[in-house]
Structures are given as structure tokens and as C-alpha cells.
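Hi everyone, thanks for coming.

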Amino acid sequence: MLNISRRQMVFGSMASTALSLVPSVVQARNITNPISAPLSASDAAWKDIQELYAVNREITNLENGYWGAMPQPVLAAYKENTDFINTNNTIYARAQFSGALEKVREQVARAVGADVSEIALTRGATEALQKLITGYNALQPGDVVAYGDLDYDSMQYAMNWLQQRRGARVKTFNIPEPATRENILEAYEKILSTPKLKLLLLTHLSHRTGLVIPVAEIAQMARAQGVDVIVDAAHSWGQIDFNVKDLSTDFVGFNLHKWISAPVGVGFMYIAKNRLVDIDPDYADEDYELHDIRSRVHTGTTNFAALLTVPVALDLHQKISAKAKQQRLTYLRDYWVDALRSNKSVHILTPDDARLHAGITSFRFGNARDKQQNDGLVKTLRDQHGILTVRRGGIHNGDAIRVSPALFTRDSDMDKFIVAMNKLGK
């Protein structure tokens with residue numbers, strides 16, 4: 001007969017209890033008032049969804065590109081999962097978390113239209129893209145890598161690292177302004193003619209201006225030239241209706257805490273299964289087999305509760321639908337842009353072509369192009385008008401102000417912004 005101590009019996013009971021709780025933690029919660037895709041992009045049609053968000057309305061927040069506020073069902077799940085993890089700690093983590101995490105990974109893969117073998121969870125798009133760029137092993141000394149002025153800063157740094165550590169040469173270029181579909185394609189066609197170009201960074205939806213570039217066409221042009229592309233989809237997935245196969249590319253970094261509204265600190269990378277060999281394991285990782293994409297990112301201890309909440313965020317995202325989100329965010333963008341057409345002081349950077357924008361759009365006020373002037377306008381809008389925006393630098397022709405509405409944004413919020421801008425200049 002086994003000699004089991006009281007301590008072992010208590011521990012075993014606790015572990016059993018913890019494991020019995022797992023399904024209620026991982027499964028998607030039911031929303032009290034069933035949510036479905038709104039029938040139109042109008043304010044009235046979005047009232048129920050707006051009410052899912054408990055946000056500070058003392059200031060009008062038009063700076064929602066940083067990360068997405070969690071709607072109440074997601075926040076409730078995150079709190080519950082945090083309590084669960086804090087209570088059960090390693091009893092759960094050592095015994096069951098890996099299985100639960102695999103279910104999360106499977107759901108993410110289904111949602112983005114990929115095979116689970118092509119998906120690895122990360123702490124955000126930045127981590128995913130840094131691992132893809134720095135792990136890309138098909139470079140030879142003297143090969144060229146390229147990126148544009150509208151690409152994200154951290155990704156530009158990673159591309160520069162390839163010069164320092166891999167002996168690659170870096171070539172930069174600027175997206176035309178004003179941008180059109182034709183001159184964007186021309187700019188990429190020109191850069192693709194660069195001798196010995198091997199790797200090109202593409203940003204699907206720019207965090208600087210909201211410009212959406214025709215990724216699939218550029219990727220196909222690149223493939224014809226023997227050039228690989230790595231796509232930054234941090235801002236596009238959840239703001240635009242697409243799946244990963246629509247991008248016609250093999251390497252993509254995604255966010256889950258922006259337009260999917262999962263807790264901060266979650267994202268994922270996509271590597272087409274036949275291209276895994278071209279990305280090195282992360283710091284010679286040995287936790288996973290060489291053929292397992294999870295060996296391409298090693299983050300250490302992650303936020304258990306945040307990852308367990310991803311299914312709830314995805315469930316709500318799919319109930320609303322990416323198509324409806326894109327229509328509403330585009331409606332809000334067009335609402336303020338159209339209203340300020342007659343304001344000669346407001347110069348819209350982002351094209352009106354519906355193929356080239358979603359919800360985010362940037363503008364310049366008067367001739368303000370430097371950091372100090374634009375920071376001053378951000379301060380004026382915040383302190384005198386109660387509106388939060390943000391300056392975006394790194395644009396070749398000068399800084400600008402970014403406007404990023406959210407699903408909780410109301411038409412009246414945009415009216416407030418319009419009135420403020422008209423008071424500032426005509």
C-alpha cells in the first residue's frame with residue numbers, strides 16, 4: 001500500500017480542483033445581450049457594441065492605435081483568468097496550461113486562415129516581426145534589405161541589425177505623397193529593381209498615416225524577382241477584413257491586443273509551413289523540435305491570463321465580424337475627413353481611395369511638420385478641447401497628427417473633433 005502523506009493528499013485534491021476548472025476558464029463566455037454584426041455602419045446600429053466598453057469619456061480618445069481597450073466580456077474573462085491563475089498558480093501551469101495554450105493557438109490559426117503548424121504565439125507583433133527579421137537566414141554578405149519611411153520604427157531597427165550582424169546592405173526609400181495606388185506600386189517596383197535585393201519589409205497598414213498598401217500585388221512582384229517579403233500586419237488584422245492567405249506572403253507578424261482587443265501582451269507570427277527552414281530557431285532553442293514553429297520564438301514566462309483570454313476576444317471579434325468593423329471604422333474616418341474638406345488648414349495625408357485606408361488617418365495642420373509644432377497641436381487639442389490624438393514622426397515629408405477612432409467612438413466624438421479643428425483654423 002502506498003504511503004501518501006496528508007500534504008500529498010491536499011495537493012492532489014487542489015490539483016484535481018484546478019483541472020476541473022479549466023474548461024470554464026478557457027471557453028468563450030456568453031454575452032448577456034447577444035451581439036451580432038451590425039446591419040449598417042451608422043451610430044445607432046453600433047450602440048450596443050459601444051456600450052460594451054467602459055471607457056473614460058471625460059476626454060475624447062482618438063488615439064486608439066496604441067492598443068485596443070478590452071470590451072466588458074473580454075475584461076471580465078481576463079479578470080477571472082487572472083484570479084484563477086493567481087489562485088492555482090503552478091498547480092495549473094505545470095499540469096494543464098500547455099494543453100490550454102494549444103487550443104488558443106488552434107483558434108488563432110482558424111481565425112486567420114492558417115494551419116496551426118504555421119502559427120506561434122508571441123507577446124505582440126513587435127516580437128513576432130523581430131524574430132522573423134533577425135531569424136531570416138537566407139542572406140549572404142552583400143545582399144540588400146529594404147524598407148520604407150512608413151514602416152514601424154522597431155522593424156526598421158531590426159532591418160538595420162541585419163547590416164550590423166549579417167553583412168547585409170540596407171536600402172531605404174520613401175512612400176510617395178500624396179499616395180495613390182499607382183505611385184505606391186511604382187515605388188515598390190523601383191525598389192525591387194535594386195541589384196542583390198533579397199528581403200523587403202512591407203507594412204500592411206501604416207501606424208504613421210494609416211496608409212494601406214497593396215501587399216499581395218507587391219509580394220507577387222517581389223517573388224518574381226526572387227525577393228522575400230516580411231509583412232507587418234500589426235494594425236491591419238481586425239481593422240481590415242482579410243485572412244493571411246490574401247497577403248500572398250510567407251512571413252507575417254500580427255497583433256491581438258490592438259484591433260482584436262485581447263489583453264495587452266499577445267500577438268503571433270505566421271510562417272508558411274514550407275518556409276520554416278528559412279527562419280532560424282530563436283537563440284538555438286531546444287524546447288521544441290526544429291520542424292516546430294514554436295522554436296522560432298522563446299519568450300520565457302508569459303502572461304497566462306492574457307493568453308487564456310484570447311479565445312474570448314476572438315469570439316467577440318467574430319460575432320461582430322471583421323467586415324463590420326472595417327465598415328464602421330472607415331465610416332468614422334470618412335465622417336471627420338469629409339467634414340473638414342473646407343478647412344484649408346487641414347491637409348489629409350491618407351488617400352481617400354477606399355482600398356488605401358481603413359479607420360486610421362493622419363493630417364498636417366497648416367505648415368506644421370516638425371516635432372515641436374505637432375506636439376503643440378496635440379497639447380492644444382488635449383488641454384483646451386478635451387481630445388486625445390498623437391503626433392507621428394518618421395514620415396519623410398514631415399511629422400503629422402494621427403486620428404484613430406475605436407469601436408466605442410461615437411459620431412458625437414467626431415463632431416467634437418471637427419468643431420475643435422474648425423475653431424483652430426479655416
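I'll start with a sheet and the helices on it, and then visit a few loops.

Before we go on, please keep in mind that this is a predicted model.

Let's begin with the sheet. How many strands form it, and in what order? There are 4 strands, in the order β9-β10-β13-β12, and the sheet is open, with antiparallel pairing. If you are new to sheets, here is the background: strands pair through backbone hydrogen bonds, and they can do that either parallel or antiparallel. At the edges you'll find β9, residues 346–348, and β12, residues 390–392, each of which pairs on one side only. From one strand to the next, the twist averages 40 degrees.

Now zoom in on one pair. Strand β10, residues 361–365, and strand β13, residues 400–403, run antiparallel and are joined by 3 bridges. As a landmark, find serine 362: opposite it, in β13, stands arginine 402.

Next, the helices. Helix α12, residues 411–424, packs on this sheet and touches β9, β10 and β13. Its direction makes about 20 degrees with that of β10. Helix α11, residues 371–385, lies across β10, β12 and β13, and runs at about 160 degrees to β12.

Let's move to asparagine 343, in the loop between α10 (322–339) and β9. Is asparagine 343 buried or exposed? Buried counts as under 20% relative accessibility, and asparagine 343 has 1%, so it is buried. Leaving aside residues up to four places away in sequence, asparagine 343 touches Met421, Asn422, Gly425 and Lys426. With asparagine 422, there is a polar contact from side chain to side chain, at 3.0 Å.

Now for some backbone details in other loops. Which peptide bond here is cis? Look at the one from glutamate 177 to proline 178, where omega is near 0 degrees. Proline 178 sits in the loop between β4 (169–173) and α7 (181–192).

Lysine 196 is in the loop between α7 and β5 (197–203). Its phi is near 65 degrees, a positive value in a residue that is not glycine.

My last stop is serine 261, in the loop between β7 (251–255) and β8 (267–271). Serine 261 also has a positive phi, near 70 degrees, and again the residue is not glycine. With 7% relative accessibility, serine 261 counts as buried.

That's my tour, and I'm happy to take questions.

Notes
Residues are numbered from 1 along each chain as its sequence is written. This is a predicted model: local features need pLDDT of at least 70, side-chain atom pairs count only at pLDDT 80 or more; totals for chains, interfaces and linings use all residues. Side-chain values use heavy atoms; hydrogens and water are left out. Two strands pair if DSSP finds at least two bridges between them. Helices (H or I, at least four residues) and strands (E, at least two) are DSSP runs, numbered from the N terminus. Axes are lines fitted to C-alpha atoms, for helices over the stretch in contact, and angles run from 0 to 180 degrees between N-to-C directions. Contact means heavy atoms within 4.5 Å. Buried means under 20% relative accessible area, exposed over 50%, partly exposed in between (1.4 Å probe, protein chains only). A polar contact is a pair of N or O atoms within 3.5 Å; within protein, one must be able to donate a hydrogen and the other to accept it, and residues adjacent in sequence count only if both atoms are side-chain atoms.
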